[in-house]
Amino acid sequence: GLLLFPPLSILAPVPFAFAILVAGRMKGLIFSCIFSVGMTILAIYFPDFINPIARGALFFAVMGMFLAEIIFRKVHPIRGFITLGILLNILFGSILLIGMASKSFSPKKVVEESVVKLVAELKTSEKLNLIKEEDGEEARAIKDIIDKPQNLVKKIVSWIPAGIFVSSFFIAWICSYVILRNSLFWRQKVKYPFGIRDFLRFKVPDYFVYPLILSLALTLGGEYVLGEQGTLIGGNLLYCLGIFYFFH
């Protein structure tokens, strides 16, 4: 069900993890494989009825297996979620780099297509005339998108690295949290020495203050040292570090 509802699709690995923890490794893996392959086939052949996100059912199943293994192997939840976040970053980063290297995928082109679609929807919107008459910040932002869509494209593309990093760790964190928060479903089947309190005791190491200072310096004054790229690097680094302070 989560695969069919985009806003909750980030929680799709959780049911797979529950199935493996409750039914056992073998039965859970068989169920996960059958279900994920079935959903992938349905999404490919019936795209009008099945959400395209369902094509990634096999990926979510593998994530569920990894989350279940953290419990089975009695790995500390913080170590488990950090490891999963790193692996997701490596996976998404590799896919992005391979696609760009093969010239079969261009992040900028994908963003441009989305922005063009957004601008077309805004231009046909009945509220557009009312927005043009307003003088608020939101109205000016919408006008800028319509008049200068390339500026929005450039801005989105420049924040892709931070977006991948933050999204990867957030997905790993929220899935781990939901699994531990609902441990009553699997505690009788699997002995696990850690709980939700252990997971929420996450603390950012003190040495993180040094890259934080560097990222702030680049964000505020990187343009004088590295040009526009300096500000972008600083901003991306600041957001990447910020996700850990959010968990803290």
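At what angle do the axes of H3 and helix H9 (residues 160-181) cross? In this predicted model, local features need pLDDT of at least 70 and side-chain atom pairs count only at pLDDT 80 or more, while totals for chains, interfaces and linings use all residues. Residues are numbered from 1 along each chain as its sequence is written, and side-chain values use heavy atoms, with hydrogens and water left out.

The axes of H3 and H9 cross at roughly 55° and come within 11 Å. H3 is therefore oblique to H9. Axes here are lines fitted to C-alpha atoms, for helices over the stretch in contact, and angles run from 0 to 180 degrees between N-to-C directions. Angles under 35 degrees count as roughly parallel, over 145 as roughly antiparallel, 65 to 115 as roughly perpendicular, and the rest as oblique. The crossing of H3 past H9 is right-handed. A crossing is right-handed if the near helix is turned clockwise from the far one by less than a right angle, and left-handed if anticlockwise. H3 contributes Met63, Leu67 and Ile71 to the contact. H9 contributes Ile171, Cys175, Ser176, Ile179 and Leu180. Contact means heavy atoms within 4.5 Å. Seven of these residues are nonpolar, one is polar and none is charged. In this scheme, Ala, Val, Leu, Ile, Met, Phe, Trp, Tyr, Cys and Pro count as nonpolar, Asp, Glu, Lys and Arg as charged, and the others, Gly among them, as polar.

H3 also packs against H4. The angle is about 155°, and the axes are 10 Å apart. H3 is therefore roughly antiparallel to H4. This crossing of H3 past H4 is right-handed. On the H3 side, the contact is made by Phe59, Met63, Phe66, Leu67 and Ile70. On the H4 side are Gly80, Phe81, Thr83, Leu84, Leu87, Leu88, Leu91 and Phe92. By class, the contact of H3 with H4 has eleven nonpolar residues, two polar and no charged.

The protein as a whole has twelve helices and zero strands. Helices (H or I, at least four residues) and strands (E, at least two) are DSSP runs, numbered from the N terminus. Of the 248 residues in the protein, 35% are buried. Buried means under 20% relative accessible area, exposed over 50%, and partly exposed in between (1.4 Å probe, protein chains only). Among contacts with a separation of 6 or more, 69% come from residues 24 or more positions apart.

Glycine 85 lies in helix H4 (residues 77-101). Its relative accessible area is 0%, so glycine 85 is buried. Beyond its neighbours within four places in sequence, glycine 85 is in contact with Ser168, Phe169 and Ala172. Glycine 85 and alanine 172 are 87 residues apart along the chain, yet their C-alpha atoms are separated by 5.6 Å. Valine 115 is found in helix H5 (residues 107-123). Valine 115 counts as buried because its relative accessibility is 4%. Leaving aside neighbours within four places in sequence, valine 115 is in contact with Pro149, Leu152, Val153 and Ile156. Valine 115 and isoleucine 146 are 31 residues apart in sequence and 9.4 Å apart in space, C-alpha to C-alpha.

The salt bridges come next. A salt bridge is a side-chain nitrogen of Lys or Arg within 4 Å of a carboxyl oxygen of Asp or Glu. The count by this rule is three. Glutamate 69 pairs with arginine 25, with the closest N and O atoms 2.7 Å apart. This pair links distant parts of the chain, 44 residues apart: glutamate 69 is in helix H3 (residues 57-72) and arginine 25 in helix H2 (residues 25-45). Arginine 25 is partly exposed, at 39% relative accessible area. Glutamate 69 also forms a salt bridge with arginine 73 (2.9 Å, N to O). Arginine 73 counts as exposed, at 61% relative accessibility. Shared partners join Arg25, Glu69 and Arg73 into one network. Elsewhere, aspartate 198 forms a salt bridge with arginine 201, with the closest N and O atoms 3.6 Å apart. Arginine 201 is exposed, with a relative accessible area of 59%.

Most residues other than glycine have a negative phi. Phi of lysine 74 is near 60°, a positive value in a residue other than glycine. Lysine 74 sits in the loop between H3 and H4. Lysine 74 counts as partly exposed, at 43% relative accessibility.
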